[in-house]
Amino acid sequence: MSGKFMDFEGKICLITGAGSENGIGFATAKILADLGAKVALIATTDRIYRRAEELTAAGAAEAKGYIADLMDREQVNATVKKIAEDFGDIHVLVNNAGMTQVGEEEDFSDFMSVTYESWDTSIDRNLNLTFNVTKAVLPYMVNNGYGRIVNVSSVTGPVVSNPGEAAYSAAKAGVIGMSRAIAIEVGKYDITINNVLPGWIGTASQTEAEAQGGLNTPMKRSAEPAEVANAIVFLASKEASYITGESLVVDGGNTIQEYKGAPEYYY
């Protein structure tokens, strides 16, 4: 016995959106590697190779980086096939990619002003992308009679929302609905699919306004990426064997508080 509560030795874990050294994806990959997993990382730029090298240097059993635009289904299918060939299988999928892409800015146009192109791009990046990768990976899990899928959704959409985020909200809520249907279909193969819904997270891309939002949570701070990653890793473990189709909010209690004004007037 390893003595660990969670042990990923022998498991091949695919994490998308793991290019940022300060992001949720790479934080998840580090924990999984520390627990014995072999990890495949996907991002849109060559910085993903540096992330894989860092994991290898830290003692990962095996770590490789892959560049792909996951909104392109041909690239998704080719990349997933390559990962399965390189590692021999895929047991865990963490769908973290989405929200933004390096070199592109988010569009916060209000609903009446948003262009069709912008809407479609946001749906592609935040819903269809997750569909693309999940569809490509699931056959390997079904063949094994085992799999864990964890989607990084958001509180934005399924629980709350903001002006200028209709498309993003629709996409992230859509991920939840899609996951529930998949969970029903694949549960008989010992495959679970769950969602983690982060709130304000202190990543390198966090804006000043978002940081202020974190200060107004009951915890009085934004989350560290590793705090979200810990929730993802649990749902990706064999120990989370009877949890499927669920959504775990990781937001420091922000969405449970009714009062949203200045603390001095209430709290």
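K38 and E62 form a salt bridge, with their closest N and O atoms 4.0 Å apart. K38 lies in strand 2 and E62 in strand 3 (residues 62-67), so this pair ties together parts that are 24 residues apart in sequence. The model shown here is predicted. Why does K38 count as partly exposed? Its relative accessibility is 30%, and partly exposed covers the range between under 20% (buried) and over 50% (exposed). E62 is also partly exposed, because its relative accessibility is 23%.

Side chains of opposite charge can pair when their charged atoms come close. How many salt bridges does the count come to? The count is 7.

Take K82 and D86. Their side chains meet in a salt bridge, at 3.2 Å from N to O. Both residues lie in helix 3 (residues 73-87). They are 4 residues apart, about one turn of the helix. K82 counts as partly exposed because its relative accessible area is 40%. D86 counts as partly exposed too, at 25% relative accessibility.

Now move to R148 and D190. These two form a salt bridge, and the closest N and O atoms are 3.8 Å apart. R148 sits in strand 5, while D190 sits in the loop between helix 5 and strand 6, so the pair ties together parts that are 42 residues apart in sequence. Is R148 buried or exposed? R148 is buried, because its relative accessibility is 1%.

Next, look inside. In soluble globular proteins, nonpolar side chains tend to be buried together. The largest nonpolar core here has 37 residues. Which of them touch the most other members? They are F8, I15, V39, L41 and L55. Several elements each supply at least two residues of this core, including strand 1 (12-16), strand 2 (38-43), helix 2 (47-57) and helix 7. Helix 1 gives the largest share, with 7 residues.

Setting aside neighbours within four places in sequence, I15 is in contact with G25, A29, L32, V39, A40, L41, I42 and V94.

Helix 7 spans residues 225-235. Its buried residues include P225, V228, A229 and A231. I232, V233 and L235 are buried in helix 7 as well. What do the buried residues of helix 7 pack against? They pack against helix 1 (24-34), strand 4 (92-95), strand 5, strand 6 (191-198) and strand 7 (247-250).

N151 is in strand 5. N151 counts as buried because its relative accessibility is 1%. Beyond residues up to four places away in sequence, N151 touches N95, T130, T134, V175, S179, I193, N194, N195 and V196.

T217 comes next. Where is T217 placed? T217 is in the loop between helix 6 (208-215) and helix 7. T217 counts as buried, since its relative accessibility is 1%. Leaving out neighbours within four places in sequence, T217 is in contact with W200, D251, G252, N254 and Q257.

Then find Q206. Q206 is in the loop between strand 6 and helix 6. Not counting residues up to four places away in sequence, Q206 touches W200, I201, A211 and S222. The side chain of Q206 reaches the backbone oxygen of I201 at 3.2 Å. Q206 and E62 are 144 residues apart along the chain, and their C-alpha atoms are separated by 31 Å.

End at the surface. Which residues form a nonpolar patch there? V159, V160 and V249 do, with about 190 Å² of accessible area together. V159 is in the loop between strand 5 (147-152) and helix 5 (166-186). V159 counts as partly exposed because its relative accessibility is 42%.

How values were computed: Residues are numbered from 1 along each chain as its sequence is written. This is a predicted model: local features need pLDDT of at least 70, side-chain atom pairs count only at pLDDT 80 or more; totals for chains, interfaces and linings use all residues. Side-chain values use heavy atoms; hydrogens and water are left out. Patches are made of residues with over 30% relative accessible area and no salt bridge: like charges are joined within 9 Å, nonpolar side chains (Val, Leu, Ile, Met, Phe, Trp, Tyr) within 5 Å. Accessible areas come from the Shrake-Rupley method with a 1.4 Å probe; for residues, only the protein chains shown count as cover. Buried means under 20% relative accessible area, exposed over 50%, partly exposed in between (1.4 Å probe, protein chains only). Contact means heavy atoms within 4.5 Å. A nonpolar core is a set of buried Ala, Val, Leu, Ile, Met, Phe, Trp, Tyr and Cys residues joined through side-chain atoms within 4.5 Å. A polar contact is a pair of N or O atoms within 3.5 Å; within protein, one must be able to donate a hydrogen and the other to accept it, and residues adjacent in sequence count only if both atoms are side-chain atoms.
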